[in-house]
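The stops below are given in the order in which to select them.

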Amino acid sequence: MTALFRTAPWLALALTLAASPALAASGPPPDYVLTDKADLAFTSPDGATGIEQYMREGKDFDIKWQAWARHGERMTELKPEQDYPAGFRFTPDSQWLVRMQKTGSGEQDLFLYHVENGAFVNATKTSLGDLAWAYFHSRPDTKKMKLDFHISANLMKGSEEAYRWLGVDWPANRYLVISLSGEMDKHPKNVAVKGLADWKCRYDLTTGKFDVPEMFAKGNAEALKWEIKR
C-alpha cells in the first residue's frame with residue numbers, strides 16, 4: 001500500500017476527535033463565584049459528595065444562585081437555578097438529597113434528588129413541595145383551603161435518624177416528613193393572621209406516595225384552624 005492511501009495514526013486520531021461531540025464542561029459558568037459562607041456548604045454522610053453554591057450578581061442587584069454536587073472530579077448541577085441560596089439534607093445512606101429552597105419572604109419550596117449513575121439528579125418532575133401541596137389539596141378535608149402568601153413547604157427535622165425522636169420505628173432511608181404552612185388574605189376583622197400552620201404529611205421515597213400517619217391527625221386538625229386574634 002502506498003503512502004497516498006495510508007492514513008497516519010496522528011491524522012486518524014485528529015479526524016476522530018473532530019467528528020466527536022465536544023465534552024460538556026463540568027462546573028458552573030465563569031461568572032458564578034463560589035460562596036465562602038461555611039453554612040452554605042454541605043457534605044454527604046459517606047463523605048463522597050459535597051454541595052457547593054455559586055452566586056452571580058447581575059445588573060440592578062439581579063442575583064442568581066446555582067447549586068452543584070461535587071463527587072471527586074465530577075460536578076453536577078442541582079437544578080433549577082434560584083434567586084436565593086438553599087439548605088440541603090442527605091439521607092443516612094447518601095442516596096437521597098433534599099433541597100430546602102427559599103423562594104421569597106417567608107416562603108420555601110423543596111426539591112428532591114436521587115443518585116443515578118453516580119450523580120445526583122432530580123427525582124421528581126416537579127418540586128417535592130408542589131407535590132406535597134397537590135396531595136394536601138386532593139384530600140376531602142383540605143381541598144377547599146385557599147392560601148395567598150407566606151406559602152412554605154418545610155422538611156421536618158429528624159430525617160437523618162428516621163425520625164426516632166417522634167417515637168416511631170420507621171425504616172431508615174425511607175420517609176420524609178413535610179410540614180406545610182401559609183396565610184390567607186381574607187379573614188375576620190378581629191383576626192390579625194389566619195391560615196395553615198404546620199400541617200404534616202409523610203413522603204415515601206420507595207413508592208413516591210404521600211400519606212398522613214394517625215399520629216399527625218390531631219395536630220393537622222389544629223393546623224387547619226390556626227389564627228392569631230387581634
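The tour goes from a helix to a loop residue beside it in sequence, and then to another loop.

This is a predicted model, in which local features need pLDDT of at least 70 and side-chain atom pairs count only at pLDDT 80 or more, while totals for chains, interfaces and linings use all residues. Residues are numbered from 1 along each chain as its sequence is written, and side-chain values use heavy atoms, with hydrogens and water left out.

**Helix α2**

Select residues 128-138, helix α2. Helices are DSSP runs of H or I with at least four residues, strands are runs of E with at least two, and both are numbered from the N terminus. Colour L128, G129, A132, W133, Y135 and F136, the buried residues of α2; buried means under 20% relative accessible area, exposed over 50%, and partly exposed in between (1.4 Å probe, protein chains only). These residues lie on the same side of α2, because they cover an arc of only 155° around the axis, taken from the directions from the helix axis to the C-beta atoms.

Now show β8 (107-116), β10 (149-155), β11 (175-183), β12 (191-204) and β13 (210-211), against which the buried residues of α2 pack. Contact means heavy atoms within 4.5 Å.

**T124**

Next, select T124, in the loop between β9 (119-122) and α2. T124 is buried, at 15% relative accessible area. Leaving aside residues up to four places away in sequence, T124 touches L112, L131 and Y203.

**D36**

Finally, go to D36, in the loop between β1 (33-34) and β2 (42-43). D36 is exposed, with 74% relative accessibility.
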